[in-house]
Amino acid sequence: MNLSVYRMTLDIRDMDSQLSFSVKQNDTMRRLIISLTDHCKPYTIPDGCYAIFTAKTSQNTVVSEGCQIKDNKIKY
C-alpha cells in the first residue's frame, strides 16, 4: 500500500473550518499536512504552540493524539 499525503488548509477564524474523512482501523499509510490561515491570509504558528488531532470512531469513541508542528505546518 502506498503512502497517501493529504494537504489541507484550515481558517482559524472560521468555526465551520473542519475536516471530515474516513479511515480504517490500523491505517498507517495516511499523513495530514495542515496549513492555517487567518481570514484567508497565511497564519504563522507562534513558538510554544501545540496541536492535537482529535477524531471520533464509528463507535463514538474519541481519540486524541499530539501532532508535530514543523515549517509552520501541522503534521499528523
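# Charges, strands and a pocket

Trainee: How far apart do the centres of the positive and negative side chains lie in the protein?
Mentor: The model is a predicted one. The protein carries 10 positive side chains and 8 negative ones.

Trainee: Which pattern does the protein follow along the sequence?
Mentor: The protein has 7 strands and 0 helices. The pattern is β-β-β-β-β-β-β.

Trainee: What share of the residues of the protein counts as buried?
Mentor: A residue counts as buried when its relative accessible area is under 20%. The protein has 76 residues, and its C-alpha atoms fill a box of roughly 35 × 25 × 20 Å along the principal axes. The accessible surface comes to about 6400 Å², with 49% of that area belonging to carbon and sulfur atoms. The buried share of the residues is 17%.

Trainee: Among contacts between residues at least 6 apart in sequence, what percentage joins residues at least 24 apart?
Mentor: A contact here means heavy atoms within 4.5 Å. Of the contacts in the protein between residues at least 6 apart, those joining residues at least 24 apart make up 55%.

Trainee: Which elements give two or more residues to the lining of the largest pocket?
Mentor: The largest pocket holds about 1200 Å³ of space. Its lining has 37 residues, and those nearest the centre are Phe21, Leu32, Phe53, Thr54 and Ala55. The elements giving two or more residues to that lining are β2 (30-38), β4 (52-56) and β5 (62-66).

How values were computed
Residues are numbered from 1 along each chain as its sequence is written. This is a predicted model: local features need pLDDT of at least 70, side-chain atom pairs count only at pLDDT 80 or more; totals for chains, interfaces and linings use all residues. Side-chain values use heavy atoms; hydrogens and water are left out. Helices (H or I, at least four residues) and strands (E, at least two) are DSSP runs, numbered from the N terminus. Buried means under 20% relative accessible area, exposed over 50%, partly exposed in between (1.4 Å probe, protein chains only). Accessible areas come from the Shrake-Rupley method with a 1.4 Å probe; for residues, only the protein chains shown count as cover. Lys and Arg count as positive and Asp and Glu as negative; His and the chain ends are not counted. The place of a charge is taken as NZ of Lys, CZ of Arg, CG of Asp or CD of Glu. On a 1 Å grid over the protein atoms alone, a cavity is a set of points where a 1.4 Å probe fits but cannot get out, and a pocket is an open set with protein on both sides within 12 Å along at least five of seven lines; lining residues have an atom within 4 Å of a point. Grid points are joined across faces, edges and corners, and a volume is the space filled by probe spheres set on the points.
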